[in-house]
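Have the sequence and the 3D view open as you read.

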Amino acid sequence: DKVRKGRHSRQGGPRGEAGLFAKLTEAEVRAIRVLYGEGVTYEMLGEQFDMTKQGICAVVTRKTWTHVI
């Protein structure tokens with residue numbers, strides 16, 4: 001049922017902003033990666049974007065939001 005309704009992410013379901021629980025936009029993901037490259041820490045980015053440092057780390061290391069260049 002979840003596949004039929006487009007809720008199953010492993011089978012081509014919604015990615016990124018279209019995901020049901022997305023906390024970021026693609027623009028924010030790009031900004032996080034740029035800011036981290038400029039030396040901003042995970043902790044500071046987490047405070048700025050209201051996320052945990054683990055979540056920020058996953059964005060920076062492309063464990064999540066892999067489709068965003």
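R33 sits in helix α1, and with 13% relative accessibility it counts as buried. "Buried" here means under 20% relative accessible area, "exposed" means over 50%, and partly exposed is what falls in between, using a 1.4 Å probe and protein chains only. Setting aside neighbours within four places in sequence, R33 is in contact with V59, V60, R62, T64, W65 and V68; contact means heavy atoms within 4.5 Å. R33 and L45 are 12 residues apart in sequence, and their C-alpha atoms are 9.7 Å apart in space.

Before going on, a word on what you are looking at. This is a predicted model, in which local features need pLDDT of at least 70, side-chain atom pairs count only at pLDDT 80 or more, and totals for chains, interfaces and linings use all residues. Residues are numbered from 1 along each chain as its sequence is written, and side-chain values use heavy atoms, with hydrogens and water left out.

V60 belongs to helix α3 and is buried, its relative accessible area being 17%. V60 and R33 are 27 residues apart in sequence, yet 5.4 Å apart in space from C-alpha to C-alpha. Not counting residues up to four places away in sequence, V60 touches I32, R33, Y36 and Y42.

**The whole chain**

How many helices and strands does the chain have? The secondary structure comes to 3 helices and 0 strands, running α-α-α from the N terminus on. Helices (H or I, at least four residues) and strands (E, at least two) are DSSP runs, numbered from the N terminus. Of the 69 residues in the chain, 28% are buried. Among contacts between residues at least 6 apart in sequence, 50% join residues at least 24 apart. The chain exposes about 5100 Å², and carbon and sulfur atoms supply 52% of that area; accessible areas come from the Shrake-Rupley method with a 1.4 Å probe, and for residues only the protein chains shown count as cover.

**How the helices pack**

The table gives the geometry for each pair. Axes are lines fitted to C-alpha atoms, for helices over the stretch in contact, and angles run from 0 to 180 degrees between N-to-C directions.

| Pair | Axes | Angle |
|---|---|---|
| α1 and α2 | 10 Å apart | about 150 degrees |
| α2 and α3 | within 8 Å | roughly 105 degrees |
| α1 and α3 | within 9 Å | roughly 90 degrees |

Angles under 35 degrees count as roughly parallel, over 145 as roughly antiparallel, 65 to 115 as roughly perpendicular, and the rest as oblique.

Take α1 and α2, which are therefore roughly antiparallel to each other. On the α1 side of their contact are E28, A31, I32, L35 and Y36, which meet Y42, L45, Q48 and F49 in α2. These contact residues divide into 7 nonpolar, 1 polar and 1 charged. For the classes, Ala, Val, Leu, Ile, Met, Phe, Trp, Tyr, Cys and Pro count as nonpolar, Asp, Glu, Lys and Arg as charged, and the others, Gly among them, as polar.

Next come α2 and α3, which are roughly perpendicular to each other. Here Y42, E43, L45 and G46 in α2 meet K53, I56, C57 and V60 in α3. By class, this contact of α2 with α3 has 5 nonpolar, 1 polar and 2 charged residues.

The pair α1 and α3 is also roughly perpendicular. V29, I32, R33 and Y36 of α1 make the contact with I56, V59 and V60 of α3. The contact of α1 with α3 has 6 nonpolar, no polar and 1 charged residues.

**Under cover in α3**

Which residues of helix α3 (residues 53–60) are buried? They are G55, I56, A58, V59 and V60. What covers the buried residues of α3 includes α1 (26–37) and α2 (42–49).

**Positive phi angles**

D50, in the loop between α2 and α3, has a positive phi of about 55 degrees although it is not a glycine. Is D50 buried or exposed? At 62% relative accessibility, D50 counts as exposed.

W65, in the segment after α3, has a positive phi of about 55 degrees and is not a glycine. At 13% relative accessibility, W65 counts as buried, and W65 is one of the residues in contact with R33. R62, which follows α3, has a positive phi near 65 degrees.
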